[in-house]
Amino acid sequence: MQRLYNFAFFDEASKREIRRAIVKGISVPGYQVPFASREMPIGRGWGTGGLQVTLAIIGADDVLKVIDQGCDESVNAVNIKKLVCATTDVETVEDTAAATIIQSRHRIPEEPLRSDQVLVLQVPTPEPLRSFEPSEAKTRALHAEADYTGAWLGLFDRIVRFGEGSTGADHPCLVNGRYVMAPSPIPRFDTTKLDGSEHLTLFGAGREKKIYAVPPHTRVAPLDFEDRPFRVEDFDGLSCRLCGASGVYLDEIVDEATGETVHQCNDTAFCAKRRERAAAGDETKGE
Amino acid sequence: MGYVAVRGGGRAIEESLRLFELERASSGASVALDRVQACFPDAIDQVMGESSLYAPRLAALAFKQARGSVEEAVFLLRAFRSTLERTSETCVVDMEDMQVKRRISAAFKDVPGGQVLGATRDYSHRLIDFSLADETDGDVRDAAARLRKHFAEAPDDARFDGHLPKVLDYLRDQGLIPSCENDDTPPADVTMASLEFPCVRSARLQTLARGMTQAVEAFGYAAIRGYGPAHPTVGELRSGTVELCVAADASDDADPLDAFYLGDMRVCEVESVFEVESDAADASGAGLSFDIGYGLVMGDTETKAVAMSVLDHCLELGDPRYPTQDEEFVLYHVDGVEAQGFISHLKLPHYVTFQSKLDTVRTARERQAHAASV
């Protein structure tokens with residue numbers, strides 16, 4: 001542990017200030033709370049918002065899991081974990097169920113989270129109206145007036161031009177019937193997991209200096225039209241080549257040997273756990 | 001080999017860092033911090049300025065660790081700054097009290113106190129000096145001794161005590177610059193609260209002062225070239241050291257003479273003059289007057305200070321037709337650490353999001369193909 005730095009890197013006043021922003025965010029679901037985002041030892045846009053949230057809420061007894069694109073061993077996840085550990089000495093795990101704080105980029109774990117777990121999502125662009133209106137002063141006014149024409153027009157435009165209303169990841173959602181929120185670039189597949197969840201989700205955008213939250217049991221409705229309902233990514237008929245799971249988010253991989261397209265679980269910890277259990281089950285059967 | 005799909009990211013990072021360290025160490029040469037500070041003062045100034053942290057030795061260390069990359073050194077120093085508790089604020093500095101090393105005015109030939117060219121490379125020929133290639137420490141010391149002797153022999157009337165009146169006071173006395181009350185509102189600190197738009201001027205000035213030097217210069221250049229027409233006259237550029245003090249106690253009536261002296265800091269201040277149409281309601285009733293653009297930067301980064309004064313004026317005008325007068329456009333994008341971070345994040349894996357895009361594109365294409373076949 002690096003004694004040169006305070007527990008969790010920041011000075012206490014900074015942590016307190018970030019926690020205040022978090023509390024405000026929880027109190028007003030989906031509302032982007034501006035905060036004095038600090039400069040971090042990792043790059044802006046590399047998860048500094050999520051990292052600041054994690055460092056502000058983490059205690060010595062917490063158990064941390066960090067994933068990037070569904071993977072605990074992804075280079076950036078390892079890097080973030082290393083920094084948190086170097087300044088807090090907390091235990092880290094890959095098993096989703098064993099973690100108290102899960103910091104993630106672009107995914108929500110497959111295993112449903114519990115009420116005693118906090119999910120921290122890294123956010124590159126917190127403003128769902130940014131592609132429609134570049135000015136921050138104006139988008140703040142639009143949120144204040146709940147004027148979400150721009151978000152609806154964006155979807156309508158896609159339908160007219162492509163016959164497909166779905167965006168890629170980061171599909172805008174209406175939170176608690178009031179604020180339209182960017183759920184961070186999680187796939188549409190994960191967006192539905194935010195709705196009425198057991199756990200608290202905190203969103204940190206470091207470069208854009210915003211924190212927002214979806215508290216447990218909050219309504220999170222992806223924007224859609226009655227005749228063009230929200231649609232998640234289609235993995236119908238596909239399953240993981242390693243653990244056999246279906247109904248999960250899959251990575252598409254080209255088998256270099258055969259040139260065939262194969263699929264496997266994107267959530268590597270979930271996949272590993274399933275395979276361990278299957279192996280243990282086989283052994284039991286064998287006895 | 002994918003950098004996510006394959007497990008073992010932790011080991012990959014360790015090995016990558018070792019490889020990086022090997023590249024550094026392969027040179028077989030190290031440089032003492034004293035030498036970095038002595039030989040690269042302009043780089044140190046730039047690093048400290050963009051980091052909003054006056055710490056020459058730390059800046060030199062960051063510069064060494066960053067292998068001479070200013071962008072990276074700023075990144076290191078800014079992250080370090082985040083861990084520091086703010087204990088006190090310095091007293092207000094009056095720039096008229098600057099111990100001036102150099103002061104020029106492009107507006108008046110004979111300014112009160114005179115033009116002091118000081119040390120500048122402005123009028124040098126940018127020819128590579130091949131004699132520096134084999135220069136030794138002894139050569140440098142000899143040169144210093146020779147030049148000191150030269151200046152010691154200078155006639156007395158070529159000396160000045162370093163105190164000069166401000167050039168623009170002359171224009172103020174003539175009523176050509178609208179007079180205004182001193183604004184003693186405590187300044188904003190953009191490192192303690194996020195920017196809000198429209199911005200207060202102090203937040204703007206601070207953002208520009210700590211902005212990426214080349215970005216401030218590029219935007220400033222765009223403004224005087226045509227994207228936000230503003231061609232200033234440099235009323236005064238003064239460069240030198242100012243004294244920084246902390247009041248003995250926090251009360252307003254603390255005696256300034258009791259303040260603790262912390263030290264000197266090298267700064268460069270620019271006041272640019274712009275011709276503007278004055279308000280008809282102006283007491284003088286005259287149609288034209290002058291406005292001031294203000295630039296103040298740490299160290300000796302003069303071009304940045306001039307560019308900052310241009311942008312300050314542009315942002316005061318705030319005509320949305322010109323990007324250089326658009327607060328959000330300028331202030332959000334001059335920050336080096338943010339620009340570097342967000343651009344380089346594109347190197348991170350994005351394949352969950354790309355898978356999602358693939359799904360959308362495939363579905364849309366199927367839909368269109370189906371429509372075409374019907």
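This is a predicted model: local features need pLDDT of at least 70, side-chain atom pairs count only at pLDDT 80 or more; totals for chains, interfaces and linings use all residues.
A residue counts as buried here if 20 or more other C-beta atoms lie within 10 Å of its own. An α-helix has 3.6 residues a turn, so residues three or four places apart point the same way.

H13(B) itself takes in residues 351-373, 23 residues in total. From first C-alpha to last, H13(B) reaches 32 Å, close to the 33 Å expected at 1.5 Å a residue.

## Where the chains meet

Across the interface, 44 residues of chain B are in contact with 51 residues of chain A. On the chain A side, H3, helix H4 (136-144) and strand S11 (250-254) each supply at least two residues. Which element gives the most to that side? H3(A) does, with five residues. By residue type, the side of chain A that touches chain B divides into 20 nonpolar, 15 polar and 16 charged.

S11(A) also has a partner within its own chain: five bridges pair S11(A) with strand S12 (residues 261-265) of chain A in the antiparallel sense. Within this pairing, Thr261(A) in S12(A) stands opposite Val254(A). The two strands form a hairpin with six residues between them, and Gly259(A) in the turn has a positive phi of about 75°.

## The seven-stranded sheet

Chain A has an open sheet of seven strands with mixed pairing, in the order S1-S9-S8-S5-S4-S2-S3. Strand S1 (33-34) and strand S3 (91-92) are its edge strands, each pairing on one side only. Two bridges pair S1(A) with strand S9 (residues 210-214) in the antiparallel sense, and Lys210(A) in S9(A) is the bridge partner of Pro34(A).

Helix H1 (residues 12-27) of chain A lies across S1, strand S8 (200-205) and S9 of chain A, at about 45° to S9(A). Helix H2 (residues 48-57) of chain A packs on the sheet too, touching strand S4 (101-105), strand S5 (118-122), S8 and S9 of chain A. The direction of H2(A) makes about 150° with that of S5(A).

In soluble globular proteins, nonpolar side chains tend to be buried together. In this model, the largest nonpolar core has 59 residues, and Ile22(A), Leu55(A), Val120(A), Leu202(A), Phe203(A), Ile211(A) and Ala213(A) have the most contacts inside it. Helix H3 (residues 75-88) of chain A gives the most to this core, with five residues. A second, separate core of 54 residues includes Ile44(B), Val111(B), Ala209(B) and Val337(B).

Which residues does Ile211(A) touch, leaving aside its neighbours within four places in sequence? Its contacts are Ala21(A), Ile22(A), Gly25(A), Val33(A), Phe35(A), Val53(A), Leu202(A), Phe203(A) and Gly204(A).

Three bridges join strand S6 (residues 173-175) to S7(A), with Leu174(A) opposite Val180(A).

Finally, helix H5 (residues 149-162) of chain A has 14 residues, which should span 20 Å at 1.5 Å a residue; its end C-alpha atoms are 20 Å apart, which agrees. Gly163(A), with a positive phi near 70°, follows H5(A).

Methods:
Residues are numbered from 1 along each chain as its sequence is written. Chains are lettered from A and ligands numbered from 1 in the order in which they are written. A nonpolar core is a set of buried Ala, Val, Leu, Ile, Met, Phe, Trp, Tyr and Cys residues joined through C-beta atoms within 7 Å. A residue is buried if 20 or more other C-beta atoms lie within 10 Å of its own, exposed if 12 or fewer, and partly exposed in between; C-beta atoms are placed from the backbone. Helices (H or I, at least four residues) and strands (E, at least two) are DSSP runs, numbered from the N terminus. Two residues are in contact if their C-beta atoms, placed from the backbone, lie within 7 Å. Ala, Val, Leu, Ile, Met, Phe, Trp, Tyr, Cys and Pro count as nonpolar, Asp, Glu, Lys and Arg as charged, and the others, Gly among them, as polar. Two strands pair if DSSP finds at least two bridges between them. The expected span of a helix is 1.5 Å times one less than its number of residues. Axes are lines fitted to C-alpha atoms, for helices over the stretch in contact, and angles run from 0 to 180 degrees between N-to-C directions.
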